[in-house]
Amino acid sequence: MFILAKIAFVKLLYNIAIHLAKLVLKVLSLFNNKLNQGVLGRAKTFEKLEKAIKKSDNTLWFHCASLGEYEQGLPVFNELRKVYPKHKIVLSFFSPSGYEIRKQAPFADVVVYLPLDTKRNAKRFINVVHPELTVFVKYEIWPNYLNEIQIRGLKAILISAVFRKDQSFFKWYGSQTKNALFAFDHIFTQNEASKKLLQSINYTAVTVSGDTRFDRVLNQLQIDNNLPFVTDFKADKLCIVIGSSWPEDETILVDFINNYNGKPVTFIIAPHNIKSKQIAHLKASLKQKTILFTEKETKDLKDYDVLILNTVGLLSKVYSYADIAYVGGAMGTTGLHNILEPAVFGVPIIIGNNYNKFPEAFEMIANKGVFSVKNNEELSVILNKLIQDQTFREKSGTNNFKYIQHNEGAIDKILQYLKCN
């Protein structure tokens, strides 16, 4: 009786918190453009769905928190599009950083913001979408939506899941989110540790499939990565690509670039934030001869040392030109960006030191293909060694490529399960 009362109390608190969050978001959205995009987008969700989905349609529902989860789910989404060519696909995001960039996803029939996880929204959403299969990615768990799926006996899976023992699923106060996990018919985890954590709460329908991103980045080798302007810029010099950098990364990198006086090297910087003010500040801080992507048409790129990509969508191809890569996010607290993208090209990688939530970083550091630094001095030591020691540089890059190859196959495991179930 006490346990049931505790569960009911936790549910009540959760639902109150969701409604409070709705009010808070509306207020904060008045002062924050990103939050405002989400609030306005969610207000249009049901109208978009009701126009796109009929009761007679067979549907699939894919949900991602943001852009990172989308990238993990994309290989599976694309394959399911082939398996279910006549189904309508609904793709939902919670964050504007996912929706605004991928709202034209080619495999989806309609892309929407996921309404907040109230009981009313969950019922209405499932009524309209009535998905034959639901796919959630990583650890995006919304109890009211999942409860509605479970009540109706609908099929759902969670892919590329990663769990840590400090998450609410494994705490005494986490009954609401823990119970939501049991709405999934099957959970595919990235690692054995996550599987063991699920088993500790008696969830047993679990398979260690690995991370779908490995399959995705390997596909990058099958496409044409040629970018003539990068070929012209790099010429016959060593090329260091700085991907998804934040100000914390750029502070130490700019210091290195400005003081570098060794063998000829080119630098390509692809900042995470490409707003004009941020780009102007970055360019002004560089003493080496620097050009922006948007200025390249009238210039001879061979005359420049630094190229700043003030555009999006090119980084995965640009990594194919890298001899060394620095991947941003871990020098600050924003989260490490995708280190698998340069790794697939056999490139040694440097990152910051805040990578605790990224198991691939631990493994690739242990494999001696990724190097973590916490300040200017450490960056200078490892960068100079990679520049000067070709054998060390190539060995480190090979270690990364072998790691990618060793971890492919997650998509096959997921599709095999769906075919048999």
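At what angle do the axes of helix α4 and helix α10 cross? I put this question to a predicted model.

**Entry 1: α4 and α10.** I took α4 as residues 67–83 and α10 as residues 212–219, and found that their axes come within 8 Å and cross at roughly 75 degrees. Angles of 65 to 115 degrees count as roughly perpendicular, and I therefore recorded α4 and α10 as roughly perpendicular to each other. I then looked up the residues that meet. From α4 these are Glu71, Gln72, Gly73, Leu74, Pro75 and Val76, and from α10 they are Thr212, Arg213 and Arg216. Sorted by class, this contact of α4 with α10 has three nonpolar, three polar and three charged residues.

**Entry 2: α6.** Which residues of helix α6 are buried? Within residues 119–129, I noted Asn121, Ala122, Phe125, Ile126, Val128 and Val129 as buried. They cover an arc of only 160 degrees around the axis, so they lie on the same side of α6. On the face turned away from that buried side, I found the exposed residues Lys119 and Arg120. I also checked what covers the buried residues of α6; the cover includes helices α3 (45–52) and α7 (143–151), together with strands β1 (59–64), β2 (88–93) and β3 (110–113). Just after α6, I noted that His130 takes a positive phi of about 35 degrees.

**Entry 3: annotated span.** I consulted UniProt, where an unreviewed entry places the feature "domain: 3-deoxy-D-manno-octulosonic-acid transferase N-terminal" at residues 51–215. For this span I recorded 40% helix and 21% strand, with the end C-alpha atoms 34 Å apart.

Technical notes: Residues numbered from 1 in each chain as written. Predicted model: local features only at pLDDT ≥ 70, side-chain atom pairs only at ≥ 80, totals over all residues. Heavy atoms only, no water. Axes fitted to C-alpha atoms, helices over the stretch in contact; angles between N-to-C directions. Helix = DSSP H or I, 4+ residues; strand = E, 2+ residues; numbered from the N terminus. Parallel < 35°, antiparallel > 145°, perpendicular 65-115°, else oblique. Contact = heavy atoms within 4.5 Å. Nonpolar A, V, L, I, M, F, W, Y, C, P; charged D, E, K, R; others polar. UniProt positions renumbered as here; feature names shortened; annotations may be inferred. Buried < 20%, exposed > 50% of the residue type's maximum accessible area, 1.4 Å probe, protein only. Arc of directions from axis to C-beta.
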